[in-house]
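Take a look at one helix and at the aromatic side chains. Start with what covers the helix.

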Amino acid sequence: MGDPESYVPADGVKEAVNVALALGQPLLLTGEPGCGKTQLASNLAWSLGLTLRKFETKSDSTSESLFYRYDSLRHFESSSRGEPSDPLRHISWNALGAAILATLPAEEQAAYSVDGIEPTPRRSVVLIDEIDKAPRDFPNDVLNELEHLYFRVPEIGNTVIRADNAHRPIVVITSNSERDLPEPFLRRCVFHHITFPDDETVRRIALNHLGAHVRELDALLDEAVSFFAELRADSTGLSRRPGLAEFLNWLVVLGQHDTARQRLTTTSVRATIGVLVKTTSDLRRAEDLLTTWLSRRDG
């Protein structure tokens, strides 16, 4: 799933990307885990030849942490030892901060002690992943900064660092819809919901990502896609439906399983089902579904 070249875009994704690019607004993607939200940002960066900078949102993320991290403890310890007290020595630039700095001339980047200075200003793709994990105030705290692509650094005299609009970063934000995002935040984004791919697209994704692992196993691949769809159906009652990454991992181990090279069997599925289902109750349900599925296939 980590190969951006192998990404298969869902319906409407390209159009949503183009709208976001035209408006210069962040692209907000929703959809269940495993539907390809994160991979879209990687594919976009790869397609445009840009650097991908990723911010993994956590439950304690702050608006500041999207741009930089200031190690106040190290600064205090350095000062207490009589070492130079330049706060820039204790600042590390995070995803959006680094992307904004990359739009500036090299000499300005050097003035802010940027690691890996770009010789010429350039654009980046910034992924803010799973923003719904952040504290409730996080989206509102970054409204203006995301819209106008600037940030302040109080530790260096409240300096404002603003992106050069000619190299404006492309911002992709993902959400698993675990909670609602604020209305003012939503107004500043282009929204797109990624639906889970149909069986034929799942098959294409498997061929793109796994290549030689599955190209000689056409019959097995067809059966695996069919049973995967059975597990994911609304009527199955699983507490957690498996995602694409889990399906691809399952195919890899199925292809290595001696009894699974031509057809799914009770033995091969039971030996590998832990890749797809993660609870005891789901395991029991999956085994019942397998019995029914095999009876229908062989009947």
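**A helix face and its aromatic neighbours**

The cover over the buried residues of helix 14 includes helix 11 (218-232) and helix 13 (266-272). This is a predicted model: local features need pLDDT of at least 70, side-chain atom pairs count only at pLDDT 80 or more, and totals for chains, interfaces and linings use all residues. Residues are numbered from 1 along each chain as its sequence is written, and side-chain values use heavy atoms, without hydrogens and water. Helices (H or I, at least four residues) and strands (E, at least two) are DSSP runs, numbered from the N terminus.

Buried in helix 14 are Asp282, Ala286, Leu289, Leu290, Trp293 and Leu294. Buried means under 20% relative accessible area, exposed over 50%, partly exposed in between (1.4 Å probe, protein chains only). Down the axis of helix 14, these buried residues fall within an arc of 135°, so they line one face; the arc is that of the directions from the helix axis to the C-beta atoms. Thr280 and Arg284, on the other side, are exposed.

Trp293 also belongs to one aromatic cluster with Phe196, Phe227, Phe228, Phe247 and Trp250. Rings of Phe, Tyr and Trp (its six-membered ring) pair if their centres lie within 6.5 Å; planes under 30 degrees apart count as stacked, over 60 as edge-to-face and the rest as tilted. Arginine 232 lies over the face of phenylalanine 196, 3.4 Å from the ring centre. For such a charge, NZ of Lys or CZ of Arg is within 6 Å of the ring centre and within 35 degrees of the ring normal.

Methods
Contact means heavy atoms within 4.5 Å.
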